[in-house]
Protein chains: 2
Amino acid sequence: MPQLRKDPVIGRWVIISSERAKRPNYALKKSDSSRPGPCPFCAGNEEATPPEIAAYRPDGSRPNAPGWTLRVVPNKFPALMIEGELGRRGDGVYDLMNGVGAHEVIIETPKHESNIGSLSEAEFEDLLWAYRDRVLDLNKDKRFRYILIFKNQGAEAGATLEHTHSQLIALPIVPRNVVEELKGALEYYKYKERCVYCDIVTQEIEDRGRLVSENEHFLVICPFAPRFPFETWILPKKHSPFFEHASKQEYLDLSRALRETLVRLNRALNDPPFNYIIHSNPLREPENGHYHWHIEIMPKLAQVAGFEWGSGFYINPVTPEDSAISLREIAL
Amino acid sequence: MPQLRKDPVIGRWVIISSERAKRPNYALKKSDSSRPGPCPFCAGNEEATPPEIAAYRPDGSRPNAPGWTLRVVPNKFPALMIEGELGRRGDGVYDLMNGVGAHEVIIETPKHESNIGSLSEAEFEDLLWAYRDRVLDLNKDKRFRYILIFKNQGAEAGATLEHTHSQLIALPIVPRNVVEELKGALEYYKYKERCVYCDIVTQEIEDRGRLVSENEHFLVICPFAPRFPFETWILPKKHSPFFEHASKQEYLDLSRALRETLVRLNRALNDPPFNYIIHSNPLREPENGHYHWHIEIMPKLAQVAGFEWGSGFYINPVTPEDSAISLREIAL
């Protein structure tokens, strides 16, 4: 059983999961996503994954068989286990609990595509609906407090399988960065009685220098203080703490904004490895005026970040104003 | 002039430094530390670096000429500029200041060694004294609040030059991870009236399961909640907030503990890329009972960390108990 362990000083929870060491390309020196053998995410190879949790099957085909356009399966090498109680306990100065949670894979297409940027607008829209459907389903499980939805594109960004896919982790704790965002946003709200992200949206629309694109419901910007070159955020213009509460029209606009932004990054940076993460409010809390869900996209370029992930301190050689110009200028 | 910019939500300061993009191997796709041309860090090539700030010259040789055993020079591609005022200012919702600070390189040996593990115990001791000397010197500059001392070993850990070297960045702000550590340690101190790190030292000596080694003044452990496989910490047994206040005997013991630990990591993991960071108290504060300086060593193995550095949430497939066994078993 994996464990969730808490750093006694900084309060950061970490999953210690030795199951994960059995993954296809987990190696201590090198990762290689072009492993031999059939791809477990391709249509026709459904038996290579654990039985599906959900799938979009426009032709009404039966589960765990071809015919799907998008498929959600448990991670075969899960970081957390779905069964069991939390078992919160101490060990001297330390705190830990059982590694209970969900770890799912969202297979974005039945075709063997290695780049999400090649998906159609309709496929992007389905992907967002799948994220939402899974959040609404897992939201019912009272053990979970947060759902982290993320994508690793490319081996350098942590993908161990080439076939394009996203991941979801449902957690009994709220990750530290989210706690920090909630706290910072609440402090600003108490001081100003406004949402800090709403103020960012207003200022960026007015300034335009860090603006990549906008549509009716979303703004795409290179943030003012980016950790990484070409870091890009997508923010809803309308205030809402919860990704899963967006409207149909908003998901449509978001699928367009997300697809366009990834295509821009692909063209500007020659198909870079990247991660994106959906930042949303913890589960089952009431609506609030201070937190504002959004997506952060982080291309992983070169080895510009050496000590950064250990120190929490970042040096970024590319200004967001420069990266915004590059991204804006991409012809779509 | 580089800028220090603050994320308006999370309060994280980031250096935006376009000068850095001119570094030898900064490239958007790939880093390669075996670039052609003479190594600027080798004895005889002193003119290839900016004039030295300090050097250990047992033969009394003149500055910027061969004869040194250790040499400190300004980073040729500094993330921060040493001249100028802080110029704190706002831009709407955002805060920024001039990127004022020191960025120095400590060349650990005149020989072209690519691995710090090949240095002698005496060279390690000199290296620690050099760190201390630089902190005491920069401490006089009232603009600086924190000095970050770190090492990137290997291109995958962010080293752009092969010749083994450490770096130092003096900052007008305290990095977020240090702020968090100070806050967490103070909270524990207020609650328990004890230092949390002192309690960790006591518990780890008693438990022994995560202990790698110890000597009279230092403890080497794999921490309870490590972010990365084989993450290893070196803690002084005696409470002290400041790295630079250690005694001669403590630096001797630390040079042994650090060298031994890096040799263990090299042998256990086949010369892995890694970063180490010295965590010390912010400058010019009085002694305190809650913060406890230490060194954190983070091997960079495979692509196990994809989304982690963006989310602040870590999945680690290797338990610290297992990595401690592997490291303990290495014959020295």
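This is a short tour of a predicted model, stop by stop, with something to select at each.

Residues are numbered from 1 along each chain as its sequence is written, and chains are lettered from A and ligands numbered from 1 in the order in which they are written. Because the model is predicted, local features need pLDDT of at least 70 and side-chain atom pairs count only at pLDDT 80 or more, while totals for chains, interfaces and linings use all residues.

**Confidence**

The mean for chain A is 93, and 93% of its residues reach 70 or more. Now select residues 25-33 of chain A, where pLDDT stays under 50. Where pLDDT is low, the predicted coordinates should not be read in detail. The model as a whole scores ipTM 0.91 and pTM 0.92.

**Two domains of chain A**

Select residues 3-173 of chain A as domain 1 and residues 177-329 as domain 2. These bounds come from an automatic or database domain assignment. The centres of the two domains, taken over C-alpha atoms, are separated by 22 Å. In the contact between them, 27 residues of domain 1 meet 23 residues of domain 2; contact requires C-beta atoms, placed from the backbone, within 7 Å of each other.

Which element gives the largest share of the domain 1 side? Helix H1 of chain A does, with 9 residues. Helices (H or I, at least four residues) and strands (E, at least two) are DSSP runs, numbered from the N terminus. By class, that side divides into 15 nonpolar, 6 polar and 6 charged residues. Here Ala, Val, Leu, Ile, Met, Phe, Trp, Tyr, Cys and Pro count as nonpolar, Asp, Glu, Lys and Arg as charged, and the others, Gly among them, as polar.

**A:Arg134**

Stay on helix H1 of chain A and select A:Arg134, which has its place there. Is A:Arg134 buried or exposed? A:Arg134 counts as buried because it has 22 C-beta neighbours inside 10 Å. The scale is this: buried is 20 or more other C-beta atoms within 10 Å of the residue's own, exposed is 12 or fewer, and partly exposed is in between, with C-beta atoms placed from the backbone. Leaving aside residues up to four places away in sequence, A:Arg134 touches A:Val72, A:Glu104 and A:Leu168. A:Glu104 is 30 residues from A:Arg134 along the chain, and their C-alpha atoms are separated by 9.2 Å.

**The sheet of chain A**

Next, show the strands of chain A. An open sheet of 10 strands runs in the order E3-E4-E7-E9-E8-E13-E14-E12-E11-E10, with antiparallel pairing. Strands pair if DSSP finds at least two bridges between them. At the edges stand strand E3 (54-56) and strand E10 (211-214), each with a single partner strand, so one side of each has no neighbour in the sheet. From one strand to the next, the twist averages 20 degrees.

Select strand E8 (residues 146-153) and strand E9 (residues 165-171) of chain A, which are joined by 5 bridges. A:Leu168 in E9(A) is the bridge partner of A:Ile149.

**A hairpin in chain B**

Move to chain B and select strands E10 (residues 211-214) and E11 (residues 218-221), an antiparallel pair with 3 bridges. E10(B) and E11(B) form a hairpin with 3 residues between them. B:Ser213 stands opposite B:Val220, and B:Glu214 opposite B:Leu219. From E11(B), B:Phe218 and B:Val220 point one way and B:Leu219 and B:Ile221 the other, and all are buried. E11(B) also pairs antiparallel with strand E12 (residues 232-236) of chain B over 4 bridges, where B:Val220 faces B:Ile234.

**Between the chains**

Finally, show both chains: 72 residues of chain A are in contact with 71 residues of chain B. Helix H2 (residues 176-192) of chain A gives the largest share of the chain A side, 6 residues. That side has 39 nonpolar, 19 polar and 14 charged residues.

Last, select strand E2 (residues 13-16) of chain A with strand E15 (residues 314-316) of chain B, a parallel pair over 3 bridges. Here A:Ile16 stands opposite B:Asn316.

Terms used: Two residues are in contact if their C-beta atoms, placed from the backbone, lie within 7 Å. Axes are lines fitted to C-alpha atoms, for helices over the stretch in contact, and angles run from 0 to 180 degrees between N-to-C directions. pLDDT is the predictor's confidence in each residue, from 0 to 100.
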